[in-house]
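Notebook, structure look-up. I went through one model and wrote down what I checked, entry by entry.

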Amino acid sequence: MTPKLRPVGRRPFATLRTIIALMLREMATTYGRSPGGYIWAVLEPVGGIALLTLVFSAGFKSPPMGTVFVIFYATGLIPFLMFLDVSGKLALSILFSRQLLAYPGVTYIDALIARFILNTLTQLMVAYIIFTGILLFFDTRTTLELDRIALGFAMTMALALGVGTMNCFLFSMFPVWQRVWSILTRPLFILSCIFFLYESVPDLVRDYLWYLPTVHLTGIMRSAFYVGYDASYVSPTYVFVVSGVLMVTGLVFLRRYHREVLNNA
């Protein structure tokens, strides 16, 4: 008989033990099987930043802001990759833990929480290592505003949680959506203002770009490093509202269609 996805209804300590066990399992399966493990989590964004720096520094004398290419692209690429990684891992939570969900003590909420905590901590560690390395080895001439950095990461994590939860339902219920989503997110790499500033875009295009939450992520992170960059277009409220709506909607659908979701997973 097909097991059901069970909603949360257990003791807090049992839930905590289950979440920790799921996190340890993912650490062993995701990062423990490949040579280097967590090193690859750092090398991927480092490679992307290095490639962008080499390509654009060869064609331009200076980046759109500041004097150092590497910090300009890092402030745009790191929050974007963090969003993609965490939301992508969350979207596959049920597919990844499908066999464990057959046990009475494991729920889909546990799977979501475990993946969110583990991958968020991983990406924060990666961001800290990369930014620290850049600031140590390059004269970036930037001034850090820690409160805005914290806000930027909070917005990124919230958006990843919302999109990931919604896609967790959609990926499990409609497998074709996984491919459609992969296609839809490819233009985001260009549209999220990683290579350019939001203000440099024509007004007509800018009005549409504003509705992309990822544009706000890169904007708030750049404003945290470049003290003269106001980024007045950034709206944390908009990002948090979109994230909250997506998360609640995803959880409602998961609870309502949990039998169908597991059958399709």
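Entry 1, cavities. I searched the whole structure and found 1 cavity of 30 Å³ or more. I worked with a predicted model, where local features need pLDDT of at least 70, side-chain atom pairs count only at pLDDT 80 or more, and totals for chains, interfaces and linings use all residues. Residues are numbered from 1 along each chain as its sequence is written, and side-chain values use heavy atoms, with hydrogens and water left out. A cavity here is a set of points, on a 1 Å grid over the protein atoms alone, where a 1.4 Å probe fits but cannot get out; lining residues have an atom within 4 Å of a point. Volume is the space filled by probe spheres set on the points, which are joined across faces, edges and corners.

The largest cavity holds about 30 Å³ of space. I listed L22, R25, E26, F96, S97, A111, A114 and R115 as its lining. Helices α1 (12–31) and α5 (108–137) are the elements that each give two or more residues to that lining. Sorted by class, the lining has 4 nonpolar, 1 polar and 3 charged residues. For the classes, Ala, Val, Leu, Ile, Met, Phe, Trp, Tyr, Cys and Pro count as nonpolar, Asp, Glu, Lys and Arg as charged, and the others, Gly among them, as polar.

I counted 12 helices and 0 strands; helices are DSSP runs (H or I, at least four residues), strands are E runs of at least two, and numbering starts from the N terminus. Of the 265 residues in the chain, 46% are buried (under 20% relative accessible area; exposed is over 50%, partly exposed in between, with a 1.4 Å probe and protein chains only). I also looked at contacts (heavy atoms within 4.5 Å) between residues at least 6 apart in sequence: 78% of them join residues at least 24 apart.

I placed L90 in helix α3 (residues 69–91). L90 counts as buried because its relative accessibility is 0%. Leaving out residues up to four places away in sequence, L90 touches L112, R115, F116, A160, L161, G164 and C168. I also noted N119, 29 residues from L90 in sequence and 8.8 Å from it in space, C-alpha to C-alpha.

How do the axes of α6 and α7 cross? Helix α6 (residues 146–173) and helix α7 (residues 176–185) have axes that come within 8 Å and cross at roughly 140°. Axes are lines fitted to C-alpha atoms, for helices over the stretch in contact, and angles run from 0 to 180 degrees between N-to-C directions. The two helices are therefore oblique to each other (angles under 35 degrees are roughly parallel, over 145 roughly antiparallel, 65 to 115 roughly perpendicular, the rest oblique). V163, N167, L170 and F171 of α6 meet W177, Q178 and W181 of α7. I classed the contact residues as 5 nonpolar, 2 polar and no charged.

Most residues other than glycine have a negative phi. I noted R141, with phi near 55°, in the loop between α5 and α6. R141 is exposed, with a relative accessible area of 66%. I also noted C193, with phi near 60°, in the loop between α8 (188–191) and α9 (203–209). C193 counts as buried at 1% relative accessibility.

How values were computed
1 Å grid on protein atoms, 1.4 Å probe; cavity = no way out; pocket = protein on both sides within 12 Å on 5 of 7 lines; lining within 4 Å.
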